[in-house]
Amino acid sequence: MTTTVVVGGSGGLGGVLARRFADRGDDVVVTSTDRARAESVAADLGPGARGLALDLARPETIEAALTGVQEVDHLVVTAVGQAANTLRRFDVTNAVAAVTMKLVGYAETVRVLRERFTPGASVVLFGGLAKERPYPGSTVVSTFNAGITGLVRTLAVEIAPHRVNALHPGLIGDSPRWKDVPNPPHSDRTPIGRLVMMAEIADATEFLLHNGGINAHDLHMDGGLLVT
């Protein structure tokens with residue numbers, strides 16, 4: 001039996017990934033900052049799922065929160081803290097929380113679970129395309145997503161022989177944020193003529209988790225937007 005931990009798996013893209021893993025028969029651990037929400041999602045996923053409360057913005061609490069996770073075959077960290085934060089109106093408190101969550105929280109989660117990895121375990125961390133295509137208000141988002149690249153590279157050395165890769169989506173066409181928006185940004189600029197879909201992100205995540213030759217890699221999922 002495969003055990004997959006999805007940090008941030010209680011909704012959005014993380015929820016889609018958790019469902020994908022549960023449907024293929026994995027034991028799935030989903031986390032949310034809200035314990036009741038995590039447990040509700042886990043109940044919907046089926047008897048092989050568990051829900052835990054985990055707050056990446058409070059990395060000092062992560063070890064205790066994950067005490068009940070005994071063995072890990074795959075770790076996927078999708079949690080996001082994205083909010084516009086311009087230099088003109090820079091919110092230091094929000095910036096520190098976002099960077100702490102995305103970089104320190106991600107790293108601490110891997111550290112805590114490292115000794116519980118099975119021999120073939122692998123890790124996927126989620127960044128975002130803002131690291132390559134900044135926009136007004138993306139100073140913090142672009143910075144911590146670029147930091148994911150450095151984090152993945154150093155983790156690949158530190159947790160070897162276990163693999164770790166990063167997936168950086170652009171806008172996702174059927175995400176809650178964009179699915180009901182007519183003509184969402186970038187959709188007419190991608191060579192494929194549309195935005196990437198959640199199922200395609202899930203496919204890419206499975207590829208990174210299972211292909212033993214892919215390590216310390218940044219995978220951009222943007223429908224080719226970066227070449228335009």
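Leaving aside its neighbours within four places in sequence, which residues is Asn165 in contact with? The legends below refer to a predicted model, and the first view takes up this question.

View 1. Asn165 is found in strand S6. Leaving aside neighbours within four places in sequence, Asn165 is in contact with Val123, Val124, Leu125, Val152, Leu208, Ile214, Asn215, Ala216 and His217.

**View 2. The open sheet.** The sheet is open and has 7 strands, in the order S3-S2-S1-S4-S5-S6-S7, with parallel pairing. Strand S3 (49–53) and strand S7 (218–221) stand at the edges; each has a single partner strand, so one side of each is left without a neighbour in the sheet. On average, neighbouring strands are turned by 20° against each other, direction ignored. Helix H4 (residues 92–114) packs on this sheet and touches strand S1 (3–7), strand S4 (72–77) and strand S5 (117–126). The direction of H4 makes about 170° with that of S5.

**View 3. Pairing of S6 with S7.** Strand S6 covers residues 163–169 and pairs with S7 in the parallel sense over 4 bridges. Across this pair, Leu167 stands opposite Leu219 in S7, and Ala166 stands opposite Asp218 in S7. Together with helix H6 (residues 198–210), S6 and S7 make a β-α-β unit, which is left-handed.

**View 4. The nonpolar cores.** The largest nonpolar core has 57 residues. Those with the most contacts inside this core are Val28, Leu56, Leu75, Leu125 and Phe126. Another core, of 6 residues, lies apart from it and includes Ala98, Ala130, Val140 and Phe144. In soluble globular proteins, nonpolar side chains tend to be buried together.

**View 5. Contacts of Leu125.** Not counting residues up to four places away in sequence, Leu125 touches Val77, Tyr106, Val110, Ile148, Leu151, Val152, Leu155, Val164, Asn165, Ala166 and Leu167. Leu125 is one of the residues with the most contacts inside the largest nonpolar core. Asn165, the subject of View 1, is in contact with Leu125 and also with Val152.

**View 6. Thr100 in helix H4.** Thr100 lies in helix H4. The side chain of Thr100 reaches the backbone oxygen of Val96 at 2.7 Å. Leaving aside neighbours within four places in sequence, Thr100 is in contact with Leu56, Ala57, Pro59 and Gly105. Of these, Leu56 is among the residues with the most contacts inside the largest nonpolar core. The C-alpha atoms of Thr100 and Phe144 are separated by 9.1 Å, and the two residues are 44 residues apart along the chain.

View 7. Is Thr190 buried or exposed? Thr190 counts as buried because its relative accessibility is 6%, where the limit is 20%. The side chain of Thr190 reaches the backbone oxygen of Arg194 at 2.7 Å. Not counting residues up to four places away in sequence, Thr190 touches Asp222, Gly223 and Leu225. His186 counts as partly exposed, at 28% relative accessibility. His186 has a positive phi of about 75° although it is not a glycine.

**View 8. Ala216 in the loop between H6 and S7.** Ala216 is found in the loop between H6 and S7. Its phi is positive, about 55°, although Ala216 is not a glycine. Ala216 has a relative accessible area of 32% and is therefore partly exposed. Ala216 is also among the residues in contact with Asn165.

View 9. Ala160 and Pro161 are joined by a cis peptide bond, with omega about 10°. Pro161 has its place in the loop between helix H5 (139–158) and S6.

Conventions:
Residues numbered from 1 in each chain as written. Predicted model: local features only at pLDDT ≥ 70, side-chain atom pairs only at ≥ 80, totals over all residues. Heavy atoms only, no water. Core = buried A, V, L, I, M, F, W, Y, C linked by side-chain atoms within 4.5 Å. Buried < 20%, exposed > 50% of the residue type's maximum accessible area, 1.4 Å probe, protein only. Contact = heavy atoms within 4.5 Å. Pairing = 2+ DSSP bridges. Helix = DSSP H or I, 4+ residues; strand = E, 2+ residues; numbered from the N terminus. Axes fitted to C-alpha atoms, helices over the stretch in contact; angles between N-to-C directions. Right-handed = clockwise from strand over helix to strand, strands pointing away. Polar contact = N/O pair within 3.5 Å; in protein donor to acceptor, adjacent residues only side chain to side chain.
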